[in-house]
Amino acid sequence: MATTLITNIGSLVTNDPELGAGPLGLLRDAALVLDGDRIVWVGAAASAPDADNRHDAEGRAVQPGFVDSHSHLVFAGDRTAEFDARMSGQAYQAGGIRTTVAATRAASEQQLAANAGRLVGEAARQGTTTIEIKSGYGLTVADEERALRIASAFTAETTYLGAHIVAPEYAEDPAGYVDLVTGPMLDACAPHARWVDVFCERGAFDGDQARAILTAGKAKGLIPRVHANQLGHGPGVQLAVELGAASADHCTHLTDADVDALAAGDTVATLLPGAEFSTRAVYPDARRLLAAGARVALSTDCNPGSSFTTSMPFCIALAVRDMGMTPDEALYAATAGGARALRRSDVGVLRPGARADVVELDAPSHVHLAYRPGVPLVRAVWRAGVAV
Ligand SMILES: [Zn+2]
């Protein structure tokens, strides 16, 4: 296996405090060596070992690849008009998800795979090297199973979200839909999923329904994560912590008790500022969560309705500008934070033994991700040691 030396790194974020300064483990004038799909050496450029190939970073910043722990990439259809109307002052119309469900069911497997692949590629070119993908636009046994099979071709981090909304056919019988989601649909989907998720919100699934769905998923070996407290206060966050969910996602409307529960538990608070941006909603208060000691991740929530971006740098800029995060905190949340939300220790960090997921920025510092919003700063990406 060929080794690659990346050297002359002006500023290297390792996310390992034992390797460098502060929580980001920052090193100046650094180098690292990749061997196959792994990092094998990190340290000062002056003492770097030889390697088969050499990449000169010419003083630029290098960091771990982004870990996007929340996305909905298996879908068909277009909702441009809905976004246009919303930004033109028309009130938000519920039922947008149903539009995507109808288009997704009507699409071929090839069309869905091609669209997901295009978006995964778009994310990779912006530095995302690990991505979680949910089902949730099929809402039948066959369509949810199909979505997870498609997602599995792109990532190991697949999430069963049959409980995105109540399927239209069950509008008059939500209890019947919960039976389907916890029964035959779960049986068909569990072999293709690592995680189980539920949209716990008024108009979607209440606390009791969410508990039943997550508990059934756990019994099949899936690990819970929860869409919680996005549109208003509710039981989602407390339920996530109680059931040992890896992550509570959105966390926009939190009581003090919710914040305390997140700070005391193992559940990561995953913030998705693209959703607030695209719906002109109030942003979650990251400062409050960090001050309480909660672990925070940043993710895109990429989906065609409420957050159609694959850009982690954009989410970092929003988090710094509008959610009270420092540039260091936002970068950490978008890399190591996402890894924690996916219970991964091999990504989101650059240390010997970690996966060789490396991003070079066309900038002297990672701070430029927030300082220069909207600018394509990702210059080079290695995913598992392979140049993207
Ligand atoms: Zn989502």
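Which residues does A147 touch, not counting residues up to four places away in sequence? I looked this up in a predicted model. The contacts are V74 and S135.

**Entry: A147**

I placed A147 in helix α4. Its relative accessibility is 5%, so I log A147 as buried, the cut-off being under 20%. I then checked A147 against C189. The two are 42 residues apart in sequence. Their C-alpha atoms lie 9.1 Å apart in space.

**Entry: annotated binding site**

I turned to the UniProt record, an unreviewed entry. Its "binding site" annotation covers Y137, N303 and G305. These positions spread over 169 residues of sequence, yet they cluster in space, with a largest C-alpha distance of 11.4 Å.

**Entry: Y137**

I found Y137 in the loop between β8 (133-134) and α4 (141-152). Helix α4 is also where I had placed A147. Is Y137 buried or exposed? Y137 is buried, because its relative accessibility is 2% and the cut-off is under 20%.

I listed the contacts of Y137, leaving out residues up to four places away in sequence. They include H72, V74, F75, I97, T100, V101 and T104. E144, H164, N303 and P304 are also among them.

**Entry: N303**

I located N303 in the loop between β14 (296-298) and α12 (312-322). N303 has a relative accessible area of 5% and is buried. Beyond four places in sequence, N303 touches H72, Y137 and F308. I also checked its side chain. It reaches the backbone nitrogen of G305 at 2.7 Å. Both N303 and G305 belong to the annotated site.

**Entry: zinc ion**

Which residues coordinate the zinc ion? I read off H70 (NE2), H72 (NE2), H227 (NE2) and D301 (OD), at 2.0 to 2.5 Å. Along the chain, the donors follow the spacing H-x1-H-x154-H-x73-D. H70 and D301 link distant parts of the chain, 231 residues apart. H70 sits in the loop between β6 (66-68) and α1 (80-87). D301 sits in the loop between β14 and α12, where I had also placed N303. H70 and D301 are buried.

Why is the arrangement irregular? The four donor atoms subtend angles of 80 to 165°. A tetrahedral call needs all angles between 85 and 135 degrees, so I ruled that out.

**Entry: cross-check**

I compared the metal donors with the contact lists. H72 is a zinc donor.

Technical notes: Residues are numbered from 1 along each chain as its sequence is written. This is a predicted model: local features need pLDDT of at least 70, side-chain atom pairs count only at pLDDT 80 or more; totals for chains, interfaces and linings use all residues. Side-chain values use heavy atoms; hydrogens and water are left out. UniProt positions are given in the numbering used here, feature names are shortened, and annotations may be inferred rather than shown by experiment. Helices (H or I, at least four residues) and strands (E, at least two) are DSSP runs, numbered from the N terminus. Buried means under 20% relative accessible area, exposed over 50%, partly exposed in between (1.4 Å probe, protein chains only). Contact means heavy atoms within 4.5 Å. A polar contact is a pair of N or O atoms within 3.5 Å; within protein, one must be able to donate a hydrogen and the other to accept it, and residues adjacent in sequence count only if both atoms are side-chain atoms. Donors are N, O and S atoms within 2.8 Å of the metal (3.2 Å for Na, K and Ca); water is not among the atoms, so sites may look incomplete. Four donors count as tetrahedral if all angles lie between 85 and 135 degrees; four count as square planar and six as octahedral if opposite donors are over 155 degrees apart and all others between 65 and 115; anything else is irregular.
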